[in-house]
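Thank you all for making the time this morning. I would like to walk you through one model, going from the overall picture down to a few individual residues.

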Amino acid sequence: LLTRSIALVPALCVALAATTQIDSASTWINVLESVILPFALLPLIFFNCNPRIMGQEFVLTTKMQIFYAFVSVLVVSANVYLTCLFITAWNVGDSSTLVGL
């Protein structure tokens with residue numbers, strides 16, 4: 001409970017203080033998270049496919065490796081596309097496109 005309070009108090013202060021630009025800040029945070037996601041997702045997939053790290057008992061099967069590789073490509077591709085769409089809309093100044101993301 002204490003650690004959650006420590007994490008929530010600054011977020012609540014920002015949300016209450018920044019009432020006019022909170023949608024813009026939220027959109028930028030989502031874009032930054034989508035940029036960071038592959039740096040967490042890809043090592044996770046690589047480590048789970050490596051029998052030296054996971055051991056023969058816990059390593060992913062070939063079928064699951066193919067499945068998770070496909071899902072990873074889809075997720076990373078969608079993130080790249082949406083990030084490029086966001087940056088393009090931001091450069092043009094079309095705020096209606098930014099809110100839709």
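**An all-helix model and its contacts**

Of the 101 residues of this protein, 13% count as buried, where buried means under 20% relative accessible area, exposed means over 50%, and partly exposed is what lies in between, with a 1.4 Å probe and protein chains only. Please keep in mind that this is a predicted model, in which local features need pLDDT of at least 70 and side-chain atom pairs count only at pLDDT 80 or more, while totals for chains, interfaces and linings use all residues. Residues are numbered from 1 along each chain as its sequence is written, and side-chain values use heavy atoms, with hydrogens and water left out.

Let me begin with the overall layout. The protein has five helices and zero strands, so that from the N terminus on its elements read α-α-α-α-α; helices (H or I, at least four residues) and strands (E, at least two) are DSSP runs, numbered from the N terminus. The radius of gyration of the protein is 19 Å, whereas a compact globule of 101 residues would have one near 13 Å; this radius is taken over C-alpha atoms, and the globule rule is 2.2 Å times the number of residues to the power 0.38. Along the principal axes, the C-alpha trace spans about 55 × 40 × 15 Å.

The accessible surface comes to about 8000 Å², and 73% of that belongs to carbon and sulfur atoms; these areas come from the Shrake-Rupley method with a 1.4 Å probe, and for residues only the protein chains shown count as cover. If we take the contacts between residues at least 6 apart in sequence, 42% of them join residues at least 24 apart, a contact being heavy atoms within 4.5 Å.

Rings of Phe, Tyr and Trp (its six-membered ring) are paired if their centres lie within 6.5 Å, and planes under 30 degrees apart count as stacked, over 60 as edge-to-face and the rest as tilted. Phenylalanine 86 is buried, at a relative accessible area of 1%, whereas tryptophan 28 is partly exposed at 31%.

The structure holds two aromatic pairs, and the other one I want to show joins phenylalanine 67 and tyrosine 68, again edge-to-face, at 5.2 Å centre to centre and 65° between the planes. Phenylalanine 67 is partly exposed at 44% relative accessibility, and tyrosine 68 is partly exposed at 31%.

Staying with these helices, valine 31 lies in α2 and is buried, with a relative accessible area of 11%. Leaving aside neighbours within four places in sequence, valine 31 is in contact with Thr83 and Phe86, and its C-alpha atom is separated by 9.8 Å from that of cysteine 84, which is 53 residues away along the chain.

Valine 35, also in α2, is partly exposed at 39%, and its C-alpha atom is 6.9 Å from that of asparagine 79, 44 residues apart along the chain. Asparagine 79 itself is in α4 and is buried, with a relative accessible area of 14%; not counting residues up to four places away in sequence, asparagine 79 touches Ser34 and Leu37.

Serine 72, another residue of α4, is buried at 6%, and leaving aside neighbours within four places in sequence it is in contact with Leu41, Leu42 and Ile45. The side chain of serine 72 also reaches the backbone oxygen of tyrosine 68 at 2.7 Å. A polar contact here is a pair of N or O atoms within 3.5 Å; within protein, one must be able to donate a hydrogen and the other to accept it, and residues adjacent in sequence count only if both atoms are side-chain atoms.

Is helix α3 (residues 51-58) largely in the open or buried? Of its eight residues the number buried is zero, so α3 lies largely in the open. Its N-terminal end is capped by asparagine 50, with a side-chain oxygen 2.9 Å from the backbone nitrogen of arginine 52.

Finally, the cysteines. A search of the whole structure finds zero disulfides, a disulfide being a pair of cysteine sulfur atoms within 2.5 Å. Cysteine 13 is partly exposed at 47%, and cysteine 49 is partly exposed at 22%.
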